[in-house]
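Please consult the sequence and the structure shown below while reading.

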Amino acid sequence: IQAHFGPFGNVFHELVSPDIHVDICVIPPSEDRDYYTLVTMGMGAHRMNVPEELAEHRLERAELAIALPPDWRLDEEAMKEERWYWPVGLLKVLARLPIDNDTWLGWGHTTDKQSPFWENTDLCAAMLISPQGAEEGAEACTLPGGEEVNFYQVIPLYRDEVEYKQARSAEDLLEKMADVSFVVDPERPDALDP
C-alpha cells in the first residue's frame, strides 16, 4: 500500500470484527495527489469463491481503494456523521460481501445499494476498476507464498449508470465516464446525461 498508493499515518482500526479484520489505511493528499486515498487492509485475508474457469488468473484475494476530495472530513467526530462516513462504510460492506454471499469481487463488478449512500447524493451503486492515480504495479501484490492480492478502485455510480453497465458492459460505461474523475464527488454530473 505504501509503495503504490503512498505513506499513511492514520488507520481506521476495526474494533469489532465478525469474521476478517478490515482496517482502512488513510493516505493523505500530497503534492502529487490532491485527494485522500482510503485502502482496505484485511479483505485479502479471505480467499474469495472465484469460478473454476478463472482459477488461473489468481483473483481469490482483493483489497479496495476509494479516493476522496482533500476537504473530505475524516476525523473521529466526522465519522459519526453518515455524510462523511458513507465511503468508509461502503469499503467495509464491499470487503465483507464475498464472505457474506460466498462470492467474489473483481474488475468491472458492480454492487447496488438500492438507495442513495446519503441524502445529499443520488450515488447508490459502485463499480470496481483498476487502481487510479497509483504507482505502476498497484494492481496486484504478490504474497510471500506466491498468492496475489488484487487491488481495485471503487467508483460510486448513479442508478442509470449501473443499469447501463449491467445492460452493456463495464468497458462501455467507462467509455461514457471518460470525463468523470475517480475522486468521489457526491454531486458529480451523471455520465449518461446528454
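Predicted model: local features only at pLDDT ≥ 70, side-chain atom pairs only at ≥ 80, totals over all residues.

## Strand pairing

Strands β2 and β3 pair in the antiparallel sense over five bridges, with Val-39 of β3 as the bridge partner of Cys-25. Strand β3 is in turn joined to β4 by four bridges, and these two strands also run antiparallel. Here the bridge partner of Tyr-36 is Leu-68 in β4. Strand β3 is mostly covered, with five of its six residues buried.

Strand β4 pairs with β8 in the parallel sense, over five bridges, and Ala-62 stands opposite Asn-150 in β8. Strand β8 also takes part in two antiparallel pairings. Five bridges join β6 to β8 in the antiparallel sense, and the bridge partner of Ala-126 is Pro-156 in β8. Strand β7, residues 140-142, is joined to β8 by three bridges and runs antiparallel to β8; Thr-142 stands opposite Glu-148 in β8. Strands β7 and β8 form a hairpin with five residues between them, and Gly-146 in the turn has a positive phi of about 100°. Strand β8 is mostly covered: nine of its ten residues are buried.

## Nonpolar cores

The largest nonpolar core has 37 residues, and those with the most contacts inside it are Leu-38, Leu-64, Leu-74, Trp-86, Leu-90 and Val-154. At least two residues of this core come from each of β2 (23-27), β3 (36-41), β4 (61-68), α1 (82-100), β6 (125-129) and β8 (148-157). Helix α1 supplies the largest share, seven residues. A second, separate core of 15 residues includes Leu-157, Val-162, Met-177 and Val-183.

Two residues illustrate the contacts across the fold. Apart from neighbours within four places in sequence, Leu-74 is in contact with Phe-12, Val-26, Tyr-36, Leu-38, Leu-68 and Met-79. Ile-66 lies in strand β4 and counts as buried because its relative accessibility is 0%. Leaving aside neighbours within four places in sequence, the contacts of Ile-66 include Tyr-36, Thr-37, Leu-38, Pro-87, Leu-90, Leu-91, Gln-153, Val-154, Pro-156 and Val-184. Ile-66 and Tyr-35 are 31 residues apart in sequence, with their C-alpha atoms 10.0 Å apart in space.

## Aromatic pairs

A search of the whole structure finds five aromatic pairs. One of the pairs, formed by Phe-5 and Phe-151, is tilted, at 5.6 Å centre to centre and 45° between the planes. This pair links distant parts of the chain: Phe-5 is in the segment before β1 (10-12), Phe-151 is in strand β8, and the two are 146 residues apart. Both Phe-5 and Phe-151 are buried.

Trp-72 and Trp-86 form an edge-to-face aromatic pair, at 6.2 Å centre to centre and 80° between the planes. Trp-72 is in the loop between β4 and α1, whereas Trp-86 is in helix α1, 14 residues apart in the chain. Trp-72 counts as buried because its relative accessibility is 6%, and Trp-86 counts as buried because its value is 2%. Both tryptophans belong to one aromatic cluster formed by Trp-72, Trp-84, Trp-86 and Phe-117.

## Helix α2

Which residues of helix α2 are buried? In this helix, residues 159-167, they are Glu-161, Val-162, Tyr-164 and Lys-165. Seen down the axis of α2, the buried residues fall within an arc of 155°, so they line one face of the helix. An α-helix has 3.6 residues a turn, so residues three or four places apart point the same way.

The buried residues of α2 pack against β5 (110-112), β6, β8 and α3 (170-176). The face turned away from the buried side of α2 carries the exposed residues Gln-166 and Ala-167.

## Cysteines

How many disulfides does the structure hold? The structure holds zero disulfides. For Cys-141, the closest cysteine sulfur is that of Cys-25; the two sulfurs are 12 Å apart and therefore too far for a bond.

Is Cys-124 buried or exposed? At 4% relative accessibility, Cys-124 counts as buried. Cys-141 counts as partly exposed because its relative accessibility is 36%.

Definitions and conventions: Residues numbered from 1 in each chain as written. Heavy atoms only, no water. Core = buried A, V, L, I, M, F, W, Y, C linked by side-chain atoms within 4.5 Å. Buried < 20%, exposed > 50% of the residue type's maximum accessible area, 1.4 Å probe, protein only. Contact = heavy atoms within 4.5 Å. Phe/Tyr/Trp six-rings, centres within 6.5 Å; stacked < 30°, edge-to-face > 60°. Pairing = 2+ DSSP bridges. Arc of directions from axis to C-beta. Disulfide = S-S within 2.5 Å.
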